[in-house]
Amino acid sequence: MLSLYILWEICKEGADVLGIDDPWIWGVYILCILSTVLCVSYGIANWNKGEELEKQEIMEEASWEAQELEMQEKELGM
């Protein structure tokens with residue numbers, strides 16, 4: 001966080017950092033990098049969450065389909 005403050009102070013003084021003299025442009029670059037790091041870390045943390053629930057839902061759907069077929073066979077007299 002300290003390095004961001006130092007960078008901000010350098011840009012406010014009108015210093016040219018890497019050819020970019022506008023502090024708002026530096027802010028946008030920093031926010032893009034921080035949001036990328038945040039998104040990647042969130043993706044890694046939640047990589048396989050909900051996998052157990054998905055297996056359970058598939059089993060429930062299969063049993064519903066089997067019950068539905070039985071009901072159709074009874075109604076149609078097959």
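Reader: What does the accessible surface of the chain come to, and how much of it belongs to carbon and sulfur atoms?

Author: This is a predicted model. The accessible surface is about 7,200 Å², and carbon and sulfur atoms account for 65% of that.

Reader: What is the secondary structure of the chain?

Author: You'll find three helices and zero strands. Going along the sequence, the pattern reads α-α-α.

Reader: How many of the residues count as buried?

Author: Of the 78 residues, 8% do. To get that label, a residue needs under 20% relative accessible area.

Reader: Why is Glu 57 called partly exposed?

Author: Its relative accessible area is 40%. Buried means under 20% and exposed means over 50%, so Glu 57 at 40% falls in between and is called partly exposed. Glu 57 sits in helix α3, which covers residues 51-76.

Reader: What makes Glu 57 part of a patch, and which charge does the patch carry?

Author: The charge is negative. A patch residue needs over 30% relative accessible area and no salt bridge, and Glu 57 has 40%.

Reader: Where is confidence lowest, and where is it highest?

Author: Helix α1 (residues 2-12) is lowest, with a mean of 67, while helix α2 (residues 23-45) is highest, at 92. For the chain, the mean pLDDT is 82, and 81% of residues reach 70 or more.

Methods. Residues are numbered from 1 along each chain as its sequence is written. This is a predicted model: local features need pLDDT of at least 70, side-chain atom pairs count only at pLDDT 80 or more; totals for chains, interfaces and linings use all residues. Side-chain values use heavy atoms; hydrogens and water are left out. Helices (H or I, at least four residues) and strands (E, at least two) are DSSP runs, numbered from the N terminus. Buried means under 20% relative accessible area, exposed over 50%, partly exposed in between (1.4 Å probe, protein chains only). Accessible areas come from the Shrake-Rupley method with a 1.4 Å probe; for residues, only the protein chains shown count as cover. Patches are made of residues with over 30% relative accessible area and no salt bridge: like charges are joined within 9 Å, nonpolar side chains (Val, Leu, Ile, Met, Phe, Trp, Tyr) within 5 Å. A salt bridge is a side-chain nitrogen of Lys or Arg within 4 Å of a carboxyl oxygen of Asp or Glu. Lys and Arg count as positive and Asp and Glu as negative; His and the chain ends are not counted. The place of a charge is taken as NZ of Lys, CZ of Arg, CG of Asp or CD of Glu. pLDDT is the predictor's confidence in each residue, from 0 to 100.
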